[in-house]
Amino acid sequence: QVRLVESGGGLVQAGDSLRLSCAASGSYIMGWFRQAPGKEREFVALISRNGWRTYYADSVKGRFTISRDIPKNTVYLQMNSLKPEDTAVYYCAASDGLALRTVPSDYNFWGQGTQVTVSS
């Protein structure tokens with residue numbers, strides 16, 4: 001069982017930045033997803049096991065950056081130029097699969113989520 005612990009959420013204004021962290025032991029493909037009230041959980045970003053490959057949702061491309069510190073077993077999501085539409089609960093997820101996928105059902109383990117609220 002993999003335990004994922006997210007941190008770094010909060011309340012910010014539009015245009016501000018936040019960095020989310022996710023502590024996770026083991027070698028997994030790691031992803032960030034988000035879920036706004038009344039909406040389905042959606043893909044945000046993912047990173048390969050060695051950190052060499054990343055992939056982003058079009059809505060965050062150019063503003064968000066996913067990275068991982070392998071010795072520290074930590075994955076980060078740097079979020080810049082935040083918009084009110086980025087408001088959601090953000091979840092860290094881990095996949096023990098082989099392919100880089102953006103579907104929530106392809107991820108085996110999930111964190112508890114951290115709230116990000118962006119005011120206009």
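Reader: What should I know about the model before reading it?
Author: The model is predicted, so local features need pLDDT of at least 70 and side-chain atom pairs count only at pLDDT 80 or more, while totals for chains, interfaces and linings use all residues. Residues are numbered from 1 along each chain as its sequence is written, and side-chain values use heavy atoms, with hydrogens and water left out.

Reader: How is a pair of aromatic rings described?
Author: Such a pair is described by the distance of the centres and the angle of the planes. Rings of Phe, Tyr and Trp (its six-membered ring) pair if their centres lie within 6.5 Å, with planes under 30 degrees apart counted as stacked, over 60 as edge-to-face and the rest as tilted. The whole structure holds 7 aromatic pairs; one of them joins Tyr 28 and Phe 109 edge-to-face, at 5.8 Å centre to centre and 75° between the planes.

Reader: Which residues do ring pairs link into a cluster?
Author: The cluster consists of Phe 33, Phe 43, Tyr 55, Tyr 91, Tyr 107 and Trp 110. The charged end of Arg 41 sits over the ring of Tyr 91, 3.8 Å from its centre, and also over that of Trp 110, at 4.8 Å (NZ of Lys or CZ of Arg within 6 Å of the ring centre and within 35 degrees of the ring normal).

Reader: Which cysteines does the disulfide join?
Author: A disulfide is a pair of cysteine sulfur atoms within 2.5 Å, and here Cys 22 is joined to Cys 92, S to S 2.0 Å. With -75° about the S-S bond, this link is left-handed.
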